[in-house]
Every structure is written in structure tokens, then in C-alpha cells.
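Take a look at the chain below. This report goes from the overall fold to a single helix.

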Amino acid sequence: MNFIKTSIYSAASTTTSLLVKLITNKIIAVYLGTNGMFLIGQLKDFLKIGNTLGTMGIETGNVKYSSEINKRENKFKDLLSTSFKIHLYTSLIIIALILIFYNYLTLPLTEKLSEINNYSFKYILCFSILCFSIQTFIMSVLNGLKKIRIFVLINILATIISAGVLIFLVINHLTIGAYYALILSPIITLITALIICLFLKP
């Protein structure tokens, strides 16, 4: 029964994600055109690298050990503490590097960024990387504890809300709106995860 439930939850999450991507990609293509999609792709790649480095790729280990030792309270607390510190400290190091080399790292985006408040974008971007690291920690622990219903609920709600923000910002602010939507997505996901965990108490 657990396998069936997990499969249903996974299918629901995957289906929602695919549908949302189809809709958002179509809207981006219509409103931003080829050049806009290229610039969005550049920012996505930049965020993917920053987010991967910011988590040190330990989420698989979080899932594994959360599943194995969650019954041993002291060891589980040590795991959570150590894992959270790794996520926090590494993301702060990445943020520091971004702030130092920001102009060089965002060179492909400079033309568009010059049209907006570059400082606000820079600091929201850094906060976004921190939020991504923390929400990755939360989601990996939930996965390890087999809280699949909560895990999937967070994914679905965060995906829908982020898509709504993206569509609104793209329609109203075009490429610049898409930039902001992309860096706001991890922040939205973290807030969604915290609210759901607060109410459902996994």
C-alpha cells in the first residue's frame, strides 16, 4: 500500500510539474522570443551551478541517513545539526563569492540588469541561493523520513505558486520579470515548506 501511495503522489507531482512547465515555457516563448529564452537559460544555468555548490550535493546522504537513524534521537539530532550547518555555511561561502565577483559572473546578463536596480537583484539573488540550500535540506529530511505526502504537497504548491508569479511578471515586465521570477522561486518554495511543516507538523 505504501508503494502504491508513493507512486500516486509521485505521479501527481510529476504531472503537475510537466503541465506547469509546458504552460510557462509557452508563455515565455510568446512574450520573450528566442533572445529572451536564451537569456533566461543563461540565468537558469548560473542558478543551477550556484545552488548545487551551495548544497555541496549532500542531499542524497541526508535522505539515506535520515531514513536509517531517525529512531535514534541523539544521532538523528547530530545529523540534522551537521547537515544544516553544511548547507548554511557552504551557501554563505557561495554568496560571498557571488558578491565579490558579481559583475564578472553576470556579464551575459549585464545589458538587461542595467535596466533594473542591479543592487536589489544582486541581494535577492544571494538570498535566493541561501533559501534554496535550506529548503533542499528540509526536503531531503522529509524524503528520508518518508513524509511523502508532505514532500509532494510542498512541491506541487510551490510549483503552482512560482508559475503564477512567473506568468504575472513575464506578462507585465518581460525579461526582467522573468529574471526576478527565477530568483524568487526558491524563496517561495522555502516559505511554502515552512508553512506546510508548521501546520502539518511532520
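From the N terminus on, the protein chain runs α-α-α-α-α-α-α. That makes seven helices and zero strands. Keep in mind that this is a predicted model.

Now for the overall size. A compact globule of 202 residues would have a radius of gyration near 17 Å; the protein chain has 18 Å, which agrees with that rule. Along the principal axes, the C-alpha atoms fill a box of roughly 55 × 40 × 25 Å.

What about contacts? Take those in the protein chain between residues at least 6 apart in sequence. Of these, 81% join residues at least 24 apart.

| Feature of the protein chain | Value |
|---|---|
| Buried share of the 202 residues | 41% |
| Distance between the centres of the positive and negative sets | 10 Å |

Behind that distance stand 17 positive and 7 negative side chains.

Finally, zoom in on helix α2, which covers residues 59-69. Which residues of helix α2 are buried? They include N62, S66 and I69. These three cover an arc of only 95 degrees around the axis, so they sit on the same side of α2. The spacing rule behind this is simple. An α-helix has 3.6 residues a turn, so residues three or four places apart point the same way.

Notes. Residues numbered from 1 in each chain as written. Predicted model: local features only at pLDDT ≥ 70, side-chain atom pairs only at ≥ 80, totals over all residues. Heavy atoms only, no water. Helix = DSSP H or I, 4+ residues; strand = E, 2+ residues; numbered from the N terminus. Rg over C-alpha atoms; globule rule 2.2 N^0.38 Å. Buried < 20%, exposed > 50% of the residue type's maximum accessible area, 1.4 Å probe, protein only. Contact = heavy atoms within 4.5 Å. Lys, Arg positive; Asp, Glu negative; His and termini not counted. Charge placed at Lys NZ, Arg CZ, Asp CG, Glu CD. Arc of directions from axis to C-beta.
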